[in-house]
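I opened a new page for this structure. My notes follow the order in which I looked things up.

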Amino acid sequence: MPEIVPVAWEAGTPLSAESRATLRRAADILLRGGLVAIPTETVYGLAAVATDAAAVARIFAAKGRPASNPLIVHVSGVDMLRPLVATWPEEAERVTAHHWPGPLTVVVPASDAVPDVVRAGGTTVALRSPEHPVTASLLAILGKPLAAPSANRSGLISPTTAAHVAASLGDAVDLILDGGTCDCGIESTVLDLSGAVPRVLRPGPLDRQTLEVSLHGSIEGPEATSSTVARSPGLLPRHYAPKAELELATDGRERVHTLLAADKRVGWITRGAVAATAAAASASKGRLHHLSLPDDPAGYARHLYASLHALDDLGVEAIVVDRPPGDEAWHAVQDRLTRASYRE
Ligand code: TXA
Ligand code: MG
């Protein structure tokens, strides 16, 4: 198993000498071409120095990620990204001034300093400045940008704890920095600023309206068209999937009863204080695992992946998820659940 090192941190307080020493060790591993798993406010990332093409190639191998899917480059702020971009649009300046550091990724025209392997051969680069104090400090100590996709095998659920990373990637990662449970719990919002109009490629913790306010302009998408998939290959229909078959249900209770009657081991995810019926639980002879998530989009997102990981670990065959509300605030959660439930 890979080494997992806890890094103590407290919001608004400088890191301890011990934590800084751990980050210097992580920086040494990265400078020698190694891979380090990093905590961010969204999900854990699998990082390599972005300008080290050979190290970045190891990320693709570790994840089993198609070479056609580009990586997000993490920077400590706008100063670090200047050499990486061909142009830095006014819109990028405006949104990042509001939301960096934070769960926002912007796609802009790349310079030649970004290796081909990071861009997957494209002409743009995705950039994000993470807020998590451990990774923010690591970037400051390292003084170099980090390419980092989510730290999971390609196509599976993103990790929100260090244990999830270890379970998914094992020895393919040289060191895992344990900075606790990720706060957002789902991946960053990806905003494409390289085209004629700003467009959300992947919904996330920051919703479109919020970004439109800071951008002073309107933003398109996301739509599940073939052209958005081409622009952001990570947006393949089936993605973020648990091992069990996941289905979205309008009447979850009904579906759960049916599956239990067919002798299945079932996970059921509801919202708010809905108790699984005593009848369903007793009739299931321990084959039903019920989890209730907070009934607000941010709270629900925070716990979603950890719940799916937990149900997979329990060996359920089917996961029934009560369909969340359809309004914009739930968009990112809807997106992840729809992909997780996609069947060929
Ligand atoms: O929250 C996050 O964004 C996490 C943390 C670790 O920062 N990272 C993450 O990376 O989710 P990944 O690789 O799992 O997802 C990156 C998404 C993919 O859908 C990818 O196709 C898209 O961003 N992407 C990356 N570079 C792009 C580019 N140049 N143009 C369009 N889409 C891009
Ligand atoms: Mg991912």
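How many bridges join strand E2 to strand E8, and do they run parallel or antiparallel? I found 2 bridges between E2 (residues 36-38) and E8 (residues 175-178), and the two strands run parallel. Ala37 stands opposite Ile176 in E8.

**Ground rules.** The model is predicted: local features need pLDDT of at least 70, side-chain atom pairs count only at pLDDT 80 or more, and totals for chains, interfaces and linings use all residues. Residues are numbered from 1 along each chain as its sequence is written, chains are lettered from A and ligands numbered from 1 in the order in which they are written, and side-chain values use heavy atoms, with hydrogens and water left out.

**The sheet with E2 and E8.** I traced 10 strands in an open sheet, in the order E1-E8-E2-E3-E7-E4-E6-E5-E9-E10. The pairing is mixed. Strands here are DSSP runs (E, at least two residues), helices likewise (H or I, at least four residues), both numbered from the N terminus. Two strands pair if DSSP finds at least two bridges between them. At the edges I noted E1 (3-6) and E10 (199-202), each pairing on one side only.

Next I looked at helix H1 (residues 17-31), which packs on the sheet. H1 touches E1, E2, E3 (45-49), E7 (146-147) and E8. Contact means heavy atoms within 4.5 Å. The direction of H1 makes about 150 degrees with that of E8. Axes are lines fitted to C-alpha atoms, for helices over the stretch in contact, and angles run from 0 to 180 degrees between N-to-C directions.

**The four-strand sheet.** A sheet of 4 strands is also open, in the order E11-E14-E12-E13, with parallel pairing. E11 (245-249) and E13 (288-293) have a single partner strand each, so one side of each lacks a neighbour in the sheet. Neighbouring strands of this sheet are turned by 20 degrees against each other on average, direction ignored. I counted 6 bridges between E12 (residues 266-271) and E13. Gly267 stands opposite His289 in E13.

**Two domains.** The chain is divided into domain 1 (4-215) and domain 2 (245-340). These bounds come from an automatic or database domain assignment. Their centres, taken over C-alpha atoms, are separated by 30 Å. Domain 1 gives 19 residues to the contact and domain 2 gives 13.

How much area do domain 1 and domain 2 bury between them? I noted about 1300 Å², 58% of it on carbon and sulfur atoms. Buried area is the accessible area (1.4 Å probe) that two parts lose on being put together, summed over both. In domain 1, Ile157, Ile186 and Pro203 lose the most area to domain 2, together 43% of what that side buries.

**Salt bridges.** The structure holds 15 salt bridges, and the count between domain 1 and domain 2 is 2. The rule asks for a side-chain nitrogen of Lys or Arg within 4 Å of a carboxyl oxygen of Asp or Glu. Glu187 and Arg336 meet in one, at 2.7 Å from N to O. Arg119 forms another with Asp116, the closest N and O atoms being 3.5 Å apart. Arg119 and Asp116 are separated by about one helical turn, because they lie 3 residues apart in helix H5 (residues 116-119).

Most residues other than glycine have a negative phi, and most peptide bonds are trans. The peptide bond from Trp100 to Pro101 is cis, with omega near -10 degrees. Pro101 sits in the loop between helix H4 (90-99) and strand E5 (104-109). His216 has a positive phi, near 60 degrees. I located His216 in the loop between helix H8 (208-215) and helix H9 (226-231).
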